[in-house]
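Q: I have a sequence and a set of coordinates to read. Where do I begin?

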Amino acid sequence: MTSISRRDFLKVGSSVSGALAVSSLAAGTSLSAPDPAASLPNILILVFDAMSAMNLSLYGYRRETTPNFERFAQRATVFNQHYSTGNFTTPGTASLLTGLYPWTHRAINMSGLIARDRAVQNLFRAIGKRYNRLAFSQNLLANYFFDQFRRDLDEILSPASFSLVESFVSIGVGAGWMDADRAIGDVLFKEGYGTGSLVLGLAERLRRYESVARRDTPDYPDALPRTITPVFFQLKDVFDGLIATAGSLIPPSLAYLHIWSPHDPYVPSRQFDGAFRDGWTPEPKPSHRLVDPHRHHSVRTLNENRRLYDEYLADVDAGLGRLYDALSAKGILDSTYVIVTSDHGEMFERGMMGHETPLLYDPIVRVPLLISAPGQSSRRDVDIPTSGVDLLPTVLHLTGAATPAWCEGQILPGLGGPEDPERSLFMMEAKTEHPSAALQKASFAIRKGRYKLVDFMGYPQYRVQHRLEMYDMETDPEELNNIYSETMLAASAMKEELLARIDSYNAQFAE
Amino acid sequence: MRGSTATTPNSQNDRRLSGADVPGASPAHRQRNNRLKLRASSRLPGWLQLAQVYSIAVLIIYSWTILWFFWKLPTWQIFLTTGEILRVLAFSLATNMVESLVLLCIPVLLALILPRTWFSDVFVARGASLTMTGLAYLMFLGDQLKFQGAFPSTALEPWLLALPLGALALIVYLVGKIALFRRMVESLADRATIFLFVMPPLSVISLLVVLVGLTT
């Protein structure tokens, strides 16, 4: 005899009320948390690594990089001022998954981890066992977090899934034993440097060379996209994998899928290679004092790489379009919240390229956020600044769970959260600092209302302990005119708030 | 032991081991089998010689990895526990053991297939010099094969392989030929055996740690 569990009973019995909740979303009416007893929607979180909102035509960029994002936006809530909490994968992703600012989760170093006492405060545990919880990331830095959350995850896909040529690291030496991966990835088979393993490391490297050379990849005549690990892949394979994964989710599921592209190296496929050879050169910005002289790039190099990045973005966009069509065709969009965002941006200005920088200008911290509710049929725009820490409480809210007390984010406006244009949002960069000690040298930014205040703290390039820059983001979105001295009242208040936060963070290490 | 085998090729023991008494085998066939076995065993280096060449591999391979390990250590100290760092070290040392043993197979193989006077008779000098120069070449090659660009199409130019390999062969030849070089290399290999009292035992412990970690 087939037995029906209480959980199954609730799922089936509440489908009608679930459908009602979905239809209210589709109508674009005020969104509210579904009845806890209602059938739970799937949650699909797509994180595109290093995707700057500033380069998306969705947000008004000059080049038409993202027509499919725009198509997707027609049935989504679009957040037009969304910020990551950091400027590289580790802090930004940790905030997405914990709802905590970097100074709290402390994953602030390259390859860093979330503080042990905070690692239990994660999205997967918070959403609980009522959901099937799956995680996948092509970026190994995010996989370190998955390893920390492994007790809260039902399935972790290999970072080499959907790829052409795996590295030994990605094959995975025993899932859940990240020390092995760290030994291999950071020492023995280290990429970008010499290998720590003279014989096997080199043999592995030669094996990959040979494997890559043998592949017939007409879409990529000169180069294959790859991660830093490296895993070589074709974008179409990755999106095929995402489509298959999304299609195979058993409701209710929470899937966190972290895609490497458009992270560097920027390798557009043949279809998009050269798509933006339009001769356009953005207005050059003065070089920043904190740009490492050894990493300083000429305007020409910056523009050339910006073009490649844009073409790679367009390639990713085409993949998203295919994913969107597949999800629509399979009816998955009618039962799933699809969240598209990024962990940080990318910049090609002020002498700086990429995201290894102490800078916190918008190209590197402003990221896309689109949330499509089940059955949603119209676009909604939210212009109030929002933060990556808001993702966790919002997802919990959408599944009927309350925001945990430890969470530093809040439910996103437009999805049930308060609309507070004067709310303060924070960003920071402190990758050279010890996560268990008071911060000595770091960059902070606070976005509040129309203003953004940046604090470069403790940098020897400046004679002062706090070098402050203030921008009016409404009249100066390119952040060219530092109006700190002209807006003393607003600037002082923001400065005090920021310093209070920093002092509060540092105070716990005072002893 | 090798010597005794060489001086009594027709002993009962050798014939049994070589299968010389296999029914149906012709005398010529038996003789050829005996010769092959004798040739192989007489060229196999003794334990001490193996240890001396192995110690050179151990010295370089382990040092290289430990160097990289200490380069990363300050960062790991920030966010890993001592136990986690030690497990990373255990994995690294276990890997080193595997690769040093794999590397040792190369001079042993050369001793078996090359004429005795070319390699086997000067096994320590040529084996150790081959190991040293070979590993130096691997350091160079590894540096050349960094994934700096998007696609490594030009990294494996023929000269990149042929020129250093030629130089390597010349060095190995000269070391065996010139007495001063030979003595220097043999002396170094002899002194390096001290590392065999440290690294391989540590590696065995590391291997156990790895196996326990991967199976639990």
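A: Start with contacts: two residues are in contact if their C-beta atoms, placed from the backbone, lie within 7 Å. In chain A, residues 24 or more positions apart account for 66% of the contacts with a separation of 6 or more. This is a predicted model: local features need pLDDT of at least 70, side-chain atom pairs count only at pLDDT 80 or more, and totals for chains, interfaces and linings use all residues. Residues are numbered from 1 along each chain as its sequence is written, while chains are lettered from A and ligands numbered from 1 in the order in which they are written.

Q: What pLDDT does chain A average?

A: pLDDT is the predictor's confidence in each residue, from 0 to 100. Chain A averages 87, and 86% of the residues score at least 70. Over residues 1-32 of chain A the pLDDT is below 50. It also stays under 50 over residues 170-176 of chain A. Where pLDDT is low, the predicted coordinates should not be read in detail.

Q: How many helices and strands does chain A have?

A: Helices (H or I, at least four residues) and strands (E, at least two) are DSSP runs, numbered from the N terminus. Chain A has 15 helices and 16 strands.

Q: Which strands stand at the edges of the sheet in chain A?

A: Strands of a sheet pair through backbone hydrogen bonds, either parallel or antiparallel. Here two strands pair if DSSP finds at least two bridges between them. Eight strands of chain A form an open, mixed sheet in the order β5-β4-β6-β1-β7-β10-β2-β11. β5 (155-156) and β11 (380-382) of chain A are at the edges; each has a single partner strand, so one side of each lacks a neighbour in the sheet. β5(A) pairs with β4(A) (residues 132-137) in the parallel sense, over two bridges. Leu134(A) has Glu155(A) as its bridge partner in β5(A).

Q: Is β14(A) buried or exposed?

A: A residue is buried if 20 or more other C-beta atoms lie within 10 Å of its own, exposed if 12 or fewer, and partly exposed in between; C-beta atoms are placed from the backbone. Seven of the seven residues of β14(A) (442-448) are buried, so the strand is largely enclosed by the rest of the structure.

Q: What does β14(A) pair with?

A: β13(A) (residues 424-429) pairs with β14(A) in the antiparallel sense over six bridges. Seven bridges join β14(A) to β15(A) (residues 451-457), also antiparallel. Arg447(A) is the bridge partner of Leu425(A), and Lys452(A) is the partner of Arg447(A) in β15(A).
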